[in-house]
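The sequence and structure come first, and the text follows.

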Amino acid sequence: DERQKSLILNSSLLYPPSQVKLSYGTAGFRADASVLQSTVYRVGILAALRSLKTQSAIGLMITASHNQVSHNGIKVADPSGGMLTQDWEPFADAIANASTPQDLVQLIDEFVKRENIPFDGVKSPEILLGRDTRPSGESLLEAAKQGIHCFVGALSHDMGILTTPQLHWMVRSRNRGLKATELDYFELLSSSFRCLIDLIPNASKLSDTNDKLVVDGANGVGAHKLELLKKKLNGFDIEVRNSGKGVLNEGVGADYVQKEKVVPQGFGSQDIGVRCASLDGDADRLVYFSLPSEDSGKIDLVDGDKILSLFAIFVKDQLSILNEERDENTKDNYQPCLGVVQTAYANGASTDYLKGLGLEVVFTPTGVKYLHEKAAEYDIGIYFEANGHGTILFSERFLSWLEQKCNGLYSKGSEQQKAAFRLLAVSKLINQAVGDALSGLLLVEAILGNMGWSIHRWKELYHDLPSKQLKVKVADRTAVVTANAETVVVRPPGIQEAINADVAKHSRGRSFIRPSGTEDVIRVYAEASTQEAADDLANSVAKLVD
Ligand code: NG1
Ligand code: ZN
């Protein structure tokens, strides 16, 4: 109504539009923090509308993840705890780029009518706000609140400094009527972790794995939260480094470690052979690594693909134990369907390995929203990006079947009962809203314990094909259009033929290009049988883009 419109008009005067054109990419809006005030204010408005429309709590997370500390960004968590529904992205772009307050109000008015967003006699908007450790976060949070409070009666809860997955988890839990504080989060993670540790077979306990884990916290929020979580994991030997004294993401963190494949700051020869892990700036990515015996500055990387493989093996093993059921009373016809989801960035060796295990492997374009959506089609869907973002999704049907199995159908202490309890614990430990480095880390640790595996045993599952990633700055990255989960360029014409010709020159060659959703660049990926060949292929493909 008119009062509502004038509220928006007045407050938007405080947030003059920025001059840069932004788009709601794979991770929301991201840019230098200095240009984000008006964008974040407008996303506050969007979140309130989304809350009215869904009559549920919505999340807003202020973070630029692994990007440099001077950057920031904002993304919306939908009622399920997942990413904002894709059909609202064009509206996000439109209001972010509206050039006058009048345009803004008109766009909102039209959208409210088109979407039938209810205002009268309904629950007021409710938004949970979180931010990472970036200094710009506090004032951006204020801008978001201003946007939210354009709506009469709107509630905003500032949850403080959080990891991205914590905020998503809180939104999901709250909308399911479950306990949703940070303490509840730590409680769920630690209790399900202990449950998995208690179920470690005796044979595995005897193996000589290196018990200590050292974690690179990227000088971000994850380091701090892991210290808090650690207090609930009595006896579990974790050392957290890069916990905030250095610069966020600079020479540290999962993105750096995975892309550069070098030793992060704070690690050195004293860590040779030790199991190490790296989080990114908002703790939604996780990779493992170890330092090889000679001190070369290089690392042995255990990336998202290998975490995926570890999870897939474990889940598959537990399912086969359940399948061995011979007792006619507890046997049934339901065959849970396990699926694995990757992107074109997955190392070719990982895909071969997973398929070799007889698993169903499917591909989607880059971006959690695509992977998540695909994984949700399975009873158990496991997705990971090579960079370490991923999780496991369980269907309601599978979980209620599992709970039945746990509730006394099996003879106490039987292998079947243990397998069912393990899978149930995994479903609680793993964050089903979004990829979560902290819950992922605990699951890796619990699985290694269950299998009696060292990081070296894990790393040897398969050997990565050498790969190379480059980025090329271009005038207009939207000129590159891809198809088939980004593996084929359809525009500009001729490029794909040229890539094919380059690929054909290299043994086990594979290469693709795509516009980044978070940076103004075209990304180039190449892999081949040797590092030299991969570098060479990446360089020649990059020249095609320039
Ligand atoms: P873009 O910039 O679209 O490549 C990057 C990552 C994605 C995803 C998003 C969100 C690579 C190659 N791309 O996206 O996988 O994690 O950031 O953080 O790592
Ligand atoms: Zn991140």
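## Helix pairs and selected residues

The axes of helix α1 (residues 2–12) and helix α4 (residues 101–114) come within 9 Å of each other and cross at roughly 145°. The model is predicted: local features need pLDDT of at least 70 and side-chain atom pairs count only at pLDDT 80 or more, while totals for chains, interfaces and linings use all residues. Residues are numbered from 1 along each chain as its sequence is written, and chains are lettered from A and ligands numbered from 1 in the order in which they are written.

Helices (H or I, at least four residues) and strands (E, at least two) are DSSP runs, numbered from the N terminus. Axes are lines fitted to C-alpha atoms, for helices over the stretch in contact, and angles run from 0 to 180 degrees between N-to-C directions.

α1 passes α4 in a right-handed crossing. A crossing is right-handed if the near helix is turned clockwise from the far one by less than a right angle, and left-handed if anticlockwise. On the α1 side the contact involves Lys5, Ile8, Leu9 and Ser12, which meet Pro101, Leu104, Val105 and Ile108 of α4. Two residues are in contact if their C-beta atoms, placed from the backbone, lie within 7 Å. By class, the contact of α1 with α4 has 6 nonpolar, 1 polar and 1 charged residues. Here Ala, Val, Leu, Ile, Met, Phe, Trp, Tyr, Cys and Pro count as nonpolar, Asp, Glu, Lys and Arg as charged, and the others, Gly among them, as polar.

Another pair is formed by helix α11 (residues 304–323) and helix α16 (residues 437–451), which pack at about 55° with their axes 10 Å apart. The two are therefore oblique to each other (under 35 degrees counts as roughly parallel, over 145 as roughly antiparallel, 65 to 115 as roughly perpendicular and the rest as oblique). Ile307, Leu310, Phe311 and Phe314 of α11 make the contact with Gly440, Leu443, Val444, Ile447 and Asn450 of α16. These residues divide into 7 nonpolar, 2 polar and no charged. The crossing of α11 past α16 is left-handed.

UniProt, in an unreviewed entry, lists Ser65 for "active site"; its positions are given in the numbering used here, feature names are shortened, and annotations may be inferred rather than shown by experiment. Ser65 lies in the loop between β2 (57–62) and β3 (71–77). Beyond its neighbours within four places in sequence, Ser65 is in contact with Ala27, Asp280, Gly281, Asp282 and Asp284.

Leu371 is found in helix α13 (residues 368–375). With neighbours within four places in sequence set aside, its contacts are Val341, Thr343, Thr364, Tyr383 and Glu385.

A residue is buried if 20 or more other C-beta atoms lie within 10 Å of its own, exposed if 12 or fewer, and partly exposed in between, with C-beta atoms placed from the backbone.

| Residue | Other C-beta atoms within 10 Å | Class |
|---|---|---|
| Ser65 | 28 C-beta atoms | buried |
| Leu371 | 27 C-beta atoms | buried |

Ala485 lies in the loop between β16 (481–483) and β17, and Glu486 is found in the loop between β16 and β17. Phi is positive in Ala485, near 50°, and positive in Glu486, near 70°; neither residue is glycine.

The peptide bond from Arg491 to Pro492 is cis, with omega near -5°. Pro492 sits in the loop between β17 (488–491) and α18 (495–504).
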